[in-house]
Every structure is written in C-alpha cells, then in structure tokens.
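User: Could you walk me through this model slowly? I am new to reading structures.

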Amino acid sequence: MTDKTLTRMDLSEAVFREVGLSRNESAQLVESVLDHMSDSLVKGEQVKISSFGTFSVRDKSARVGRNPKTGEEVPINPRRVLTFRPSHLMKDRVADGNKS
C-alpha cells in the first residue's frame, strides 16, 4: 500500500486532463459535485454512485461507553454518523488490486 492520498486538486486535475475543461472550471465542477453530495447527506438523503458505492447518514442512539484506560463508564451522546457501503464492483476491483 502507498501513503498517497487523493485530494480535491488531484480530482480537478484529472477532470482537466480527461474532459478538457480549464483548470478553473475543473476545480469548480469538482467543488460543485462535492457540495451537492454533502448537502444531500446533511438532509439525510443517500448518495448512491453506480459502480462505486452508497454514502448514507445513520443516527446512533445514546449509550454508555467505557474508558479503556480507567474502566470508568462514560455516557456517549446520540449522534449522526456517515457510512459508506462499497458496491460489489468496487469491492472486486479493490480485491483484484491486492493480487499484484
């Protein structure tokens, strides 16, 4: 595995090279897509990208946790968490990458 991280700049550069938009337009397009995804998730909607996966928000109820160091019980407040479920195609593609 590598320590490389894919960034917004990398995505906009890829759009620039593949689609032929200007660098500025490519960056705006990437930002717009990410904003639409974020806005939908904030509203509680699912974001499903075919052949990639599904992002969704899940509500977790309050519970009692335990500090592993002291063993002390600590209340954990209810919260919303972001989840991602990869598609079968993505799972297969990632698994095939492990063979090299």
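User: Okay, which residues does threonine 54 touch, not counting those up to four places away in sequence?

Analyst: Threonine 54 touches Gln46, Val47, Lys48, Thr83, Phe84 and Arg85, where contact means heavy atoms within 4.5 Å. Please keep in mind that this is a predicted model, in which local features need pLDDT of at least 70 and side-chain atom pairs count only at pLDDT 80 or more, while totals for chains, interfaces and linings use all residues. Residues are numbered from 1 along each chain as its sequence is written, and side-chain values use heavy atoms, with hydrogens and water left out.

User: Where is threonine 54 found, and is threonine 54 buried or exposed?

Analyst: Threonine 54 is found in strand E2; helices (H or I, at least four residues) and strands (E, at least two) are DSSP runs, numbered from the N terminus. Threonine 54 counts as buried because its relative accessibility is 17%, and the cut-offs are under 20% relative accessible area for buried, over 50% for exposed and in between for partly exposed, with a 1.4 Å probe and protein chains only.

User: Switching to rings, how many aromatic pairs are there?

Analyst: The count comes to three aromatic pairs, under a rule in which rings of Phe, Tyr and Trp (its six-membered ring) pair if their centres lie within 6.5 Å, and planes under 30 degrees apart count as stacked, over 60 as edge-to-face and the rest as tilted. In one of these pairs, phenylalanine 52 and phenylalanine 84 have ring centres 5.5 Å apart and planes at 50°, so the pair is tilted. This pair links distant parts of the chain, 32 residues apart, since phenylalanine 52 is in the loop between strand E1 (47-49) and strand E2 (53-60) and phenylalanine 84 is in strand E5 (residues 79-86).

User: What about phenylalanine 55 and phenylalanine 84, how far apart are their ring centres?

Analyst: Their centres are 4.7 Å apart and their planes at 45°, so that pair is tilted, and it joins strand E2 to strand E5 across 29 residues. Ring pairs thus link Phe52, Phe55 and Phe84 into a cluster, in which phenylalanine 55 is buried at 18% relative accessible area, whereas phenylalanine 52 is partly exposed at 35% and phenylalanine 84 is partly exposed at 36%.

User: Now helix H2, which residues in H2 are buried?

Analyst: Helix H2 (residues 23-42) has 20 residues, and Ser26, Val30, Met37, Ser40 and Leu41 are buried in H2. They cover an arc of only 110° around the axis, which puts them on the same side of H2; the arc is that of the directions from the helix axis to the C-beta atoms.

User: Why would residues a few places apart point the same way?

Analyst: An α-helix has 3.6 residues a turn, so residues three or four places apart point the same way.

User: What covers the buried residues of H2, and which exposed residues are on the face turned away?

Analyst: The cover includes helix H1 (8-19), E1, E2 and E5, while the face turned away from the buried side carries the exposed residues Asn24, His36 and Val42.

User: Last one, how many bridges join strand E3 to strand E4?

Analyst: Four bridges join strand E3 (residues 63-66) to strand E4 (residues 73-76), and the two run antiparallel; strands pair if DSSP finds at least two bridges between them.

Definitions and conventions. The expected span of a helix is 1.5 Å times one less than its number of residues.
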